[in-house]
Amino acid sequence: MASTISTVSLISSTTSSSAFPLKFNFPAKSPSTVNFRANPLTAANAASSGKDRVLGRRGLVFTLTATLPLLLPFSECIEAFAAKAVESDISEYELVKEEIRKVVTKGKAAGVLRLVFHDAGTFQVDENSGGMNGSVIYELDRPENKGLKSPFKILEKAKSEVDTVQPVSWADMISVAGAEAVSICGGPTIQVSLGRLDSKEPDPEGKLPAESLDAFALRQSFQTKGFSTQELVALSGAHTIGNKGFGSPTVFDNTYFKILLEKPSSGSMIGLPSDRALAKDDECLRWITKYAEDQDVFFEDFKKAYVKLVNSGARWKSL
């Protein structure tokens with residue numbers, strides 16, 4: 001029996017507790033079977049002959065041979081469970097995408113993408129507060145969120161359909177919706193993880209960067225959120241869609257950067273003051289030039305920065 005316990009312990013130790021939650025505790029055959037205070041040296045000297053030791057080894061081999069076939073089905077169950085979990089995640093993601101694409105058109109994509117930035121953009125590294133937590137649904141009446149009620153209602157309809165099959169958090173819904181908005185308009189395909197938890201209250205006010213900031217202040221603001229200058233410029237490229245004046249309002253491309261290189265005047269109706277400020281900063285200008293010259297590089301950097309954005313400050317379901 002002691003050999004059986006050792007065998008189960010050996011195999012169980014190779015399986016994480018999260019994947020294999022069952023614990024086996026086999027009782028000793030009798031109180032005299034287990035001696036917790038036995039001296040290993042004394043026990044070894046007590047062996048009467050080499051023959052006994054050989055039989056002991058054979059007994060262990062026999063025990064392993066008899067026990068392992070019974071335990072192998074558990075291993076197969078674990079693998080099947082893990083595969084099912086991955087399949088479930090993929091199915092849920094496809095369900096969310098499907099419902100989003102039923103309600104988000106090219107004309108509505110810019111508003112949906114803005115909803116992402118205004119939810120995740122409250123994140124503060126030092127305070128570990130804000131971020132992608134769905135709290136924007138409580139903040140729609142704030143001045144900086146003017147115009148976001150419309151994309152919220154659009155996603156609310158899609159979310160209600162998803163919830164009838166598989167409940168999804170607002171944080172996940174908004175994250176996937178922004179990625180799909182980019183793709184619908186011809187931008188890169190972005191895959192994001194699911195499992196974010198929603199906040200039950202609004203985030204603190206005053207955490208979003210103001211539209212009137214100059215480049216230096218913008219860089220400082222994004223730094224407090226854990227983003228580099230390069231990531232700031234890449235994410236700013238989202239303004240290529242919408243009614244900011246950067247080419248077609250429904251096409252996600254690198255036109256934003258090409259127009260910024262023309263340095264539109266402060267009196268121009270093109271873009272926000274913060275957009276025009278980027279082109280006046282040498283470090284920002286370096287990335288603007290790079291993205292204007294190579295759309296593929298912009299797409300790749302935007303994908304990475306977007307995933308980082310929607311993971312910022314997120315609280316996740318326990319695995």
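Which residues of α8 are buried? In this predicted model, local features need pLDDT of at least 70 and side-chain atom pairs count only at pLDDT 80 or more, whereas totals for chains, interfaces and linings use all residues. Residues are numbered from 1 along each chain as its sequence is written, and side-chain values use heavy atoms, with hydrogens and water left out.

Helix α8 spans residues 229-236 and is mostly covered, with eight of its eight residues buried. These are T229, Q230, E231, L232, V233, A234, L235 and S236. Buried here means under 20% relative accessible area, exposed over 50%, and partly exposed in between (1.4 Å probe, protein chains only); helices are DSSP runs of H or I with at least four residues, numbered from the N terminus. The buried residues of α8 pack against several helices, among them α4 (106-120), α7 (215-223) and α12 (295-311), and also against α9 (255-261).

Helix α9 contains T255. T255 counts as buried because its relative accessibility is 19%. Leaving aside residues up to four places away in sequence, T255 touches T240, F246 and G247, a contact being heavy atoms within 4.5 Å.

A cavity is a set of points on a 1 Å grid over the protein atoms alone where a 1.4 Å probe fits but cannot get out, and lining residues have an atom within 4 Å of a point. The largest cavity holds about 30 Å³ of space, and its lining consists of H118, T122, E139, R142, E144, N145, P204, G206, K207 and L208.

Terms used. Helix = DSSP H or I, 4+ residues; strand = E, 2+ residues; numbered from the N terminus. 1 Å grid on protein atoms, 1.4 Å probe; cavity = no way out; pocket = protein on both sides within 12 Å on 5 of 7 lines; lining within 4 Å. Points joined across faces, edges and corners; volume = space filled by probe spheres on them.
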